[in-house]
Amino acid sequence: MSSPNSPSSLVPPVSGTKNRHRRYQEGSLVPERRKECSHERRTRCPHCVWVYRFFAYIDAKKIRRKKIVGTVEEFPTKDDAKRACEHLRMSANTENPQRKTTIRGLIDLYIERIVRPCMSVPLGGVQDPNARMGYSCANNYRGQIRRWIIPRWKDYLISDFERPEIWSAAEDWLSSLRRSPENPTGLAPKTVRVIFATMGQLMKFAVRWGYLSQNPFAGKQGGERRIDPPRGSTKRLHKAAQLTPGQSFQLVSHLSLRERAAVTFAAWLEPRGSETFGLKWQDLDLTAAVVRFQRGFDLGRETPGKTDPSNTDMPIPEEVVQVLREWHAATPYNRPGDWVFASWVKKGKVPIGRYHLIRWYVQPIAKKLGLPHVTWYSFRHSLNALAKECIGKEERQIMLRHGRTATEEGYGVVSLERKQEIAGRLWTRMRERLGDDMIRFTNLLGGMTGDDSPELEADANHSPATEPSSDRTAVECSVEQNREPMLARLEHERRSATARKAWVTIRANRVKKSAVTSRSDPILTLRTNKEIA
Ligand SMILES: [Zn+2]
């Protein structure tokens with residue numbers, strides 16, 4: 001079905017004076033029978049659908065359009081359906097923004113036009129690099145809107161946001177959401193800030209579409225901005241955990257090969273979480289010790305790298321090369337097009353979930369070792385803290401691959417040699433801090449030297465300590481020792497995933513069954529058109 005609501009189809013042609021001032025159209029909303037309906041024409045049942053009809057103007061021609069709003073089951077009365085199709089009326093009248101439009105209508109239109117197109121990436125699909133925002137960003141906006149904004153503001157008019165009493169009501173609402181002694185279950189300041197930003201986004205489009213003269217959430221404080229975020233909402237409640245190099249390597253040495261490879265990579269190269277798991281073997285040149293960052297993987301979708309400077313080549317230290325070599329030899333998914341951290345459960349089609357990996361395989365071990373609560377961000381944070389000791393600000397931005405670097409340096413591309421030189425200084429510092437014995441200890445094998453290691457479960461997958469005679473043989477023998485337990489674990493992970501899937505299906509069926517038996521007789525909810533009118 002063509003989309004009658006796309007802005008282009010509704011914008012009238014410039015030429016021709018006939019339709020320049022178009023009247024406001026209300027459109028019509030009627031229930032329509034479906035194939036499964038067996039009743040008479042003028043009655044309605046839960047299967048019937050509400051249809052909104054309006055005119056669209058294309059190439060100076062008036063064209064009838066219709067759009068299904070939802071079933072009668074979803075919207076039992078005409079009023080319910082009318083409320084739900086407010087955004088369609090807004091779309092049909094882009095030239096005549098009405099004063100009486102509600103926030104609910106604005107939200108529906110915003111989701112339809114802005115959010116949904118960014119979310120139309122299938123699971124495992126690739127996000128369009130020209131999308132207005134990323135999949136996870138759109139998903140966040142939609143979540144904030146549904147969870148917080150709709151319940152509070154849906155029945156207000158958009159034009160209410162021109163009134164000072166509503167501005168202060170909005171400010172009070174935002175501060176009431178925050179965690180405080182009176183409200184211990186409230187939200188973290190950062191989350192409130194995100195809700196504020198989402199409201200600002202909505203209002204931006206309200207201004208753009210002509211429903212509001214200015215955005216009360218934007219502009220300078222005390223100037224054009226009418227609504228301020230609660231004080232102190234930029235503060236983080238918990239500081240991100242920061243590990244010393246010694247701590248990260250203590251952690252790494254207790255992990256089994258797959259996690260060790262991922263964590264080592266994160267600890268030496270400070271990638272964004274989504275970038276580590278967006279890696280394919282073809283992006284790694286282990287002989288030249290270079291990695292090319294060019295994509296991320298988030299919420300089951302492949303995303304283009306965050307900014308231009310973040311899509312670039314970076315050198316890899318010897319420590320990472322070695323652990324990746326081991327991992328390459330051990331993983332069943334090691335062809336160039338395979339994901340480096342492929343999910344075994346999904347048969348290598350997607351990378352393993354990074355939150356899953358850190359939650360079930362890294363955090364428990366960190367806890368046992370008495371380390372702070374680690375997240376993927378901790379490694380980026382920790383290495384950058386170390387970098388502050390030995391390299392300059394601009395050089396740190398090169399290492400972090402931040403967006404600003406390119407503009408500051410006049411769009412010059414930083415050469416790989418320069419990056420190697422900077423990274424070399426950083427890594428030297430890291431090795432100094434680690435001390436020589438630590439290096440030997442993590443360099444190879446994950447040989448166990450820690451005193452408390454025998455109590456750790458993860459050790460089951462580890463090779464016992466061996467004194468490596470040379471790097472090459474060390475890698476080889478480590479692979480041999482790792483393969484058996486790895487395959488056993490692969491089998492275990494596959495089986496538990498199948499079991500989990502089966503449980504989800506069983507539970508869903510149970511819920512469905514109970515819903516069917518408890519649902520009231522649909523005939524009772526039947527109403528005729530006459531009654532409604
Ligand atoms: Zn029907």
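Modeller: First, a definition. A residue is buried if 20 or more other C-beta atoms lie within 10 Å of its own, exposed if 12 or fewer, and partly exposed in between, with C-beta atoms placed from the backbone. Helices (H or I, at least four residues) and strands (E, at least two) are DSSP runs, numbered from the N terminus. pLDDT is the predictor's confidence in each residue, from 0 to 100. The model is predicted: local features need pLDDT of at least 70, side-chain atom pairs count only at pLDDT 80 or more, and totals for chains, interfaces and linings use all residues. Residues are numbered from 1 along each chain as its sequence is written.

Biologist: What share of the chain's residues counts as buried?

Modeller: The chain holds 19 helices and ten strands. It has 533 residues, and the share that counts as buried is 32%.

Biologist: Which element has the highest mean pLDDT?

Modeller: The chain averages a pLDDT of 80, and 80% of the residues score at least 70. Strand β10 (residues 527-528) has the lowest mean among the elements, 40. At the other end, with a mean of 94, is helix α6 (residues 164-177).

Biologist: Over residues 520-533, how many contacts beyond four places in sequence does the model have?

Modeller: Two residues are in contact if their C-beta atoms, placed from the backbone, lie within 7 Å. In residues 520-533 the pLDDT stays under 50. Where pLDDT is low, the predicted coordinates should not be read in detail. With that caution, the contacts of residues 520-533 beyond four places in sequence number 16.

Biologist: Which residue of β3 is the bridge partner of Val30?

Modeller: Two strands pair if DSSP finds at least two bridges between them. Three strands form an open antiparallel sheet in the order β1-β3-β4. Five bridges join β1 to β3 (residues 49-58), and in β3 the partner of Val30 is Val51.

Biologist: Which residues point the opposite way from Arg295 and Phe297 in β7?

Modeller: In a regular strand the side chains alternate between the two faces of the sheet. Arg295 and Phe297 point one way from β7 and are buried. Pointing the other way, and also buried, are Gly296 and Asp298.

Biologist: Which residue in the turn between β7 and β8 has a positive phi?

Modeller: Four bridges join β7 to β8, which run antiparallel. Arg295 stands opposite Pro304 in β8. The two strands form a hairpin with two residues between them. The turn residue with a positive phi, about 50 degrees, is Leu299.

Biologist: Why does Ala289 count as partly exposed?

Modeller: Ala289 sits in the loop between β5 (284-285) and β6 (290-292). Its phi is near 55 degrees, a positive value in a residue other than glycine. Most residues other than glycine have a negative phi. Ala289 counts as partly exposed because its C-beta neighbours inside 10 Å number 16.

Biologist: How many residues of α8 are buried?

Modeller: Helix α8 has nine residues and is largely enclosed by the rest of the structure. Its buried residues include Phe249, Leu251 and Val252.

Biologist: How far apart are the C-alpha atoms of Asn215 and Arg225?

Modeller: Asn215 lies in the loop between α7 (189-208) and α8. It is buried, with 22 other C-beta atoms within 10 Å. Beyond four places in sequence, its contacts are Gly200, Met203, Lys204 and Val207. Arg225 is ten residues away along the chain, and the C-alpha separation from Asn215 is 7.5 Å.

Biologist: At which residue does α12 kink?

Modeller: Helix α12 (residues 354-368) has 15 residues and reaches 20 Å from its first C-alpha to its last. That is close to the 21 Å expected, where the expected span is 1.5 Å times one less than the number of residues. The bend at a residue is the angle between axes fitted to the seven residues ending there and the seven starting there. A kink of about 40 degrees lies shortly before the proline Pro364, at Val362.

Biologist: Which elements do the buried residues of α12 pack against?

Modeller: Among the buried residues of α12 are Leu357, Ile358 and Val362. The helix is followed by Gly370, whose phi is positive, near 75 degrees. The buried residues of α12 pack against α8 (245-253), α9 (257-269), α10 (273-276) and α13 (376-390).
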